[in-house]
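I opened this notebook to record what I looked up in one structure. The entries run from the whole chain to single residues.

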Amino acid sequence: PQTIHAKFHYGPIDMVCLANEKVDIYVMRSAPYGEWQLLDTVETDSHGRMKYTIPEAKKLPLGLHPVK
């Protein structure tokens with residue numbers, strides 16, 4: 001399975017995390033000139049972390065893909 005792990009926080013240092021907030025996951029399938037595509041919107045946990053498993057229908061091809 002393809003899984004994305006991330007941690008979100010306000011500012012350049014990890015002082016205040018984005019706890020229990022919705023975040024959009026975008027991926028660029030044809031880097032570096034492709035368009036950003038919305039994968040999903042998920043909610044972070046109480047520590048500002050999220051774990052997202054990409055569904056089979058949206059699975060990415062082999063290679064490196066920018067995610068934001």
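The entries below follow the order in which I consulted the structure.

**Entry 1: Confidence**

I noted at the outset that this is a predicted model. I looked up the mean pLDDT of the chain and found 92, with 100% of the residues at 70 or more.

**Entry 2: Fold and dimensions**

I counted six strands and zero helices in the chain. Along the sequence I read the pattern β-β-β-β-β-β. Taken along the principal axes, the C-alpha atoms fill a box of roughly 35 × 25 × 15 Å. I looked up the accessible surface of the chain, which comes to about 5,000 Å², and 56% of this belongs to carbon and sulfur atoms. Of the 68 residues in the chain, 22% are buried. I also checked the contacts with a separation of 6 or more: 54% of them join residues 24 or more positions apart.

**Entry 3: The nonpolar core**

I next asked which residues form the largest nonpolar core. The core has ten residues, namely Ile4, Val23, Ile25, Val27, Leu39, Val42, Met50, Tyr52, Ile54 and Leu60. The elements that contribute two or more residues to this core are β4 (22-28), β5 (36-43) and β6 (49-53). I recorded β4 as the element that gives the most, with three residues.

For Ile4, I set aside the neighbours within four places in sequence and listed the contacts as Ile25, Leu39, Met50, Lys51, Tyr52, Ile54 and Val67.

I located Met50 in strand β6. Is Met50 buried or exposed? Met50 counts as buried because its relative accessibility is 7%, below the 20% cut-off. Not counting residues up to four places away in sequence, Met50 touches Ile4, His5, Ala6, Phe8, Ile25, Val42, Glu43 and Thr44. I also took the C-alpha to C-alpha distance from Met50 to Leu38: the two are twelve residues apart in sequence and 16 Å apart in space.

**Entry 4: Trp36**

I found Trp36 in strand β5. At 34% relative accessibility, Trp36 counts as partly exposed. With neighbours within four places in sequence left aside, I listed its contacts as Tyr26, Val27, Met28, Pro66, Val67 and Lys68. I then looked up the separation between the C-alpha atoms of Trp36 and Ala6, which is 18 Å for residues 30 apart along the chain.

I asked which residues make a nonpolar surface patch of about 440 Å². The patch is made by Tyr10, Ile13, Met15 and Val16. I placed Met15 in the loop between β2 and β3 (16-17). Met15 counts as exposed because its relative accessibility is 65%, over the 50% cut-off.

**Entry 5: Salt bridge**

I asked how many salt bridges there are, and the count comes to one. Lys59 forms a salt bridge with Glu56, and I read 3.9 Å between the closest N and O atoms. Lys59 is partly exposed, with a relative accessible area of 39%. Glu56 is exposed, at a relative accessible area of 64%.

**Entry 6: Backbone geometry**

Which residues does a cis peptide bond join? The bond joins Ala31 and Pro32, with omega at about 5 degrees. I located Pro32 in the loop between β4 and β5.

Asn20 has a phi near 55 degrees, a positive value in a residue other than glycine. I found Asn20 in the loop between β3 and β4. At 47% relative accessibility, Asn20 counts as partly exposed.

Key. Residues are numbered from 1 along each chain as its sequence is written. This is a predicted model: local features need pLDDT of at least 70, side-chain atom pairs count only at pLDDT 80 or more; totals for chains, interfaces and linings use all residues. Side-chain values use heavy atoms; hydrogens and water are left out. A nonpolar core is a set of buried Ala, Val, Leu, Ile, Met, Phe, Trp, Tyr and Cys residues joined through side-chain atoms within 4.5 Å. Buried means under 20% relative accessible area, exposed over 50%, partly exposed in between (1.4 Å probe, protein chains only). Helices (H or I, at least four residues) and strands (E, at least two) are DSSP runs, numbered from the N terminus. Contact means heavy atoms within 4.5 Å. pLDDT is the predictor's confidence in each residue, from 0 to 100. Patches are made of residues with over 30% relative accessible area and no salt bridge: like charges are joined within 9 Å, nonpolar side chains (Val, Leu, Ile, Met, Phe, Trp, Tyr) within 5 Å. Accessible areas come from the Shrake-Rupley method with a 1.4 Å probe; for residues, only the protein chains shown count as cover. A salt bridge is a side-chain nitrogen of Lys or Arg within 4 Å of a carboxyl oxygen of Asp or Glu.
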